[in-house]
Amino acid sequence: MTARRVAGLSADAWLGAAGLGAAALLRSSFTAKAGSARFYLLTTSLAGTWTVGALGAGPVPWCGDGWRIRPASAARALIVVPVLTGATTFAVFYGAARVARRHRTLRRAIASVLRYAEAGSTPLVVLIASGSAVAEELFFRGALWSGPRPLRTTTLAYAASTAATGNPALVLAGLITSVIFGWQRDATGGVLAPAITHVTWSVLMLRYLPPLFRDADRTPDLD
């Protein structure tokens, strides 16, 4: 980490405090009742914690330097490609989910997460999920992206964070998406591209995955 300091605290202090706080909030949010005010408060606080930790640690690069040199191609790299990547990533997850729902352990793990998408206000869930996606990119592909092997570091850090939920489906999804978002961060030099991909993926997952698991208890297991 660099020696950046904001409000008298080092970057490491901001990132460490945010990481620990976010892990606790993430675990608590998955013990809250789906659709409850407590759930919305915890998930909003989680997004805020990632954001404050990232911005407190120092400046976060949004677009990299490529857009100044080649504005036309940069627009494609920073917007079009991320949207298509998010949609493609969703398609892969959707196909995997159709297989996973036939296995009892994975089905229950995924269904326990998706129940939060269908309870309460759908627009509010989508809004919070989108805000959390951007906040996570600010933290992991922004402030935490440093050192000789940032892709490995941030992927392991995100896996450790999601492990606090005790849900293997979330940990696996986090490992896969962290690599994809990290590749985009490395290619573009900023967090805008991975943030757009993350939001696209999240919204599509919330829209199309829950119906696959509404009858999770009645789906036959594979032999």
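I began with what a helix is here: helices (H or I, at least four residues) and strands (E, at least two) are DSSP runs, numbered from the N terminus.

**Entry: the model**

I noted that this is a predicted model, in which local features need pLDDT of at least 70 and side-chain atom pairs count only at pLDDT 80 or more, while totals for chains, interfaces and linings use all residues. Residues are numbered from 1 along each chain as its sequence is written, and side-chain values use heavy atoms, with hydrogens and water left out.

**Entry: the whole protein**

I looked up the elements and found 9 helices and 2 strands in the protein, running β-β-α-α-α-α-α-α-α-α-α from the N terminus on. Of the 223 residues in the protein, 44% are buried, where buried means under 20% relative accessible area, exposed over 50%, and partly exposed in between (1.4 Å probe, protein chains only). I also looked up contacts, meaning heavy atoms within 4.5 Å: among those between residues at least 6 apart in sequence, 77% join residues at least 24 apart.

**Entry: the salt bridge**

How many salt bridges does the structure hold? I found 1 salt bridge, the term standing for a side-chain nitrogen of Lys or Arg within 4 Å of a carboxyl oxygen of Asp or Glu. Glutamate 137 and arginine 141 form a salt bridge through their side chains, at 2.8 Å from N to O. Because glutamate 137 and arginine 141 are 4 residues apart in helix H6 (residues 122-143), about one helical turn separates them. I noted too that glutamate 137 and arginine 141 are both buried. Side chains of opposite charge can pair when their charged atoms come close.

**Entry: aromatic pairs**

I then turned to rings of Phe, Tyr and Trp (its six-membered ring), which pair if their centres lie within 6.5 Å; planes under 30 degrees apart count as stacked, over 60 as edge-to-face and the rest as tilted. By this rule I recorded 10 aromatic pairs. One of them joins phenylalanine 90 and tyrosine 208, whose ring centres are 5.9 Å apart and whose planes stand at 45°, so the pair is tilted. This pair links distant parts of the chain, 118 residues apart, with phenylalanine 90 in helix H4 (residues 71-100) and tyrosine 208 in helix H9 (residues 192-208). Phenylalanine 90 is buried at a relative accessible area of 11%, whereas tyrosine 208 is partly exposed at 39%.

I next looked up phenylalanine 93 and tryptophan 201, an edge-to-face aromatic pair with 5.3 Å from centre to centre and 70° between the planes. Phenylalanine 93 lies in helix H4 and tryptophan 201 in helix H9, so this pair ties together parts that are 108 residues apart in sequence. Phenylalanine 93 is buried at 14% relative accessibility, and tryptophan 201 is buried with a relative accessible area of 12%. Elsewhere in my notes, ring pairs link Phe30, Phe39, Tyr40 and Tyr116 into a cluster.

**Entry: threonine 188**

Is threonine 188 buried or exposed? I found threonine 188 in helix H8 (residues 168-188), and at 16% relative accessibility this residue counts as buried. Leaving aside neighbours within four places in sequence, threonine 188 is in contact with residues including Cys63, Ala77 and Pro194. A polar atom of the threonine 188 side chain lies 2.8 Å from the backbone oxygen of glutamine 184. The side chain of threonine 188 also reaches the backbone oxygen of glycine 190, at 3.4 Å.

Notes. Polar contact = N/O pair within 3.5 Å; in protein donor to acceptor, adjacent residues only side chain to side chain.
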